[in-house]
Amino acid sequence: MPMAAADIEALITAALPGAVVEMRDLAGDNDHWAATVTAPQFMGKNRVQQHKMVYAALGERMGGELHALQVTTVVPT
């Protein structure tokens, strides 16, 4: 069963307190998502490190319940 946007957002914000997550359904099937994550924890980290932090928040759900996630990370200004 696909993951809902609210569930993905909750996992990310639990792992990255203070993060702002904007979700977009890419295919209209609740299975292919784009997430823009703005988090203070990204400060001083390169893009690869930032993306790893987001994927770590989702754990083993990636490739299972969560089929595809396009991630954009932003450091707050």
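In this predicted model, helix α1 passes helix α2 in a right-handed crossing, and the contact between them is made by Ile 8, Leu 11, Ile 12 and Ala 15 on the side of α1 and by Val 54, Ala 57 and Leu 58 on the side of α2. Sorted by class, the residues of this contact are seven nonpolar ones, with no polar and no charged residues. Two packed helices are described by the angle between their axes and the distance between the axes. Here the axes of α1 and α2 come within 8 Å, and they cross at roughly 115°.

Three strands, in the order β1-β2-β3, form an open sheet whose pairing is mixed. Its edge strands are β1, residues 20–25, and β3, residues 68–74, each of which pairs on one side only. On average, and with direction ignored, neighbouring strands of this sheet are turned by 20° against each other. Helix α1, which covers residues 5–15, packs on the sheet and touches β1 and β2, and its direction makes about 155° with that of β1. Helix α2, made up of residues 47–58, lies across β2 and β3 and runs at about 130° to β3.

Between β1 and β2, the latter spanning residues 32–38, the pairing is antiparallel and extends over six bridges. Along this pair, Val 20 stands opposite Thr 38 of β2, Val 21 has Val 37 as its bridge partner in β2, and Glu 22 has Thr 36 as its bridge partner there.

The faces of β3 can be told apart by their cover. Leu 69, Val 71 and Thr 73 make up the covered face of this strand, whereas Ala 68, Gln 70, Thr 72 and Val 74 make up the uncovered one. Thr 73, from the covered face, is also among the residues touched by Gln 50, which is found in helix α2. Leaving aside residues up to four places away in sequence, Gln 50 touches Phe 42, Lys 45, Thr 73 and Val 75. Gln 50 counts as buried because its relative accessibility is 4%, and the cut-off for that class is under 20%.

Most residues other than glycine have a negative phi. With a relative accessibility of 40%, Asn 30 counts as partly exposed.

Charged side chains bring the last feature. Side chains of opposite charge can pair when their charged atoms come close. A search of the whole structure finds one salt bridge, and in it the side chains of Arg 61 and Glu 65 meet at 3.9 Å, taken from N to O. Arg 61 counts as partly exposed because its relative accessibility is 30%, and Glu 65, at 41% relative accessibility, counts as partly exposed as well.

Notes: Residues are numbered from 1 along each chain as its sequence is written. This is a predicted model: local features need pLDDT of at least 70, side-chain atom pairs count only at pLDDT 80 or more; totals for chains, interfaces and linings use all residues. Side-chain values use heavy atoms; hydrogens and water are left out. Two strands pair if DSSP finds at least two bridges between them. Helices (H or I, at least four residues) and strands (E, at least two) are DSSP runs, numbered from the N terminus. Axes are lines fitted to C-alpha atoms, for helices over the stretch in contact, and angles run from 0 to 180 degrees between N-to-C directions. Contact means heavy atoms within 4.5 Å. A crossing is left-handed if the near helix is turned anticlockwise from the far one by less than a right angle, and right-handed if clockwise. Ala, Val, Leu, Ile, Met, Phe, Trp, Tyr, Cys and Pro count as nonpolar, Asp, Glu, Lys and Arg as charged, and the others, Gly among them, as polar. A salt bridge is a side-chain nitrogen of Lys or Arg within 4 Å of a carboxyl oxygen of Asp or Glu. Buried means under 20% relative accessible area, exposed over 50%, partly exposed in between (1.4 Å probe, protein chains only).
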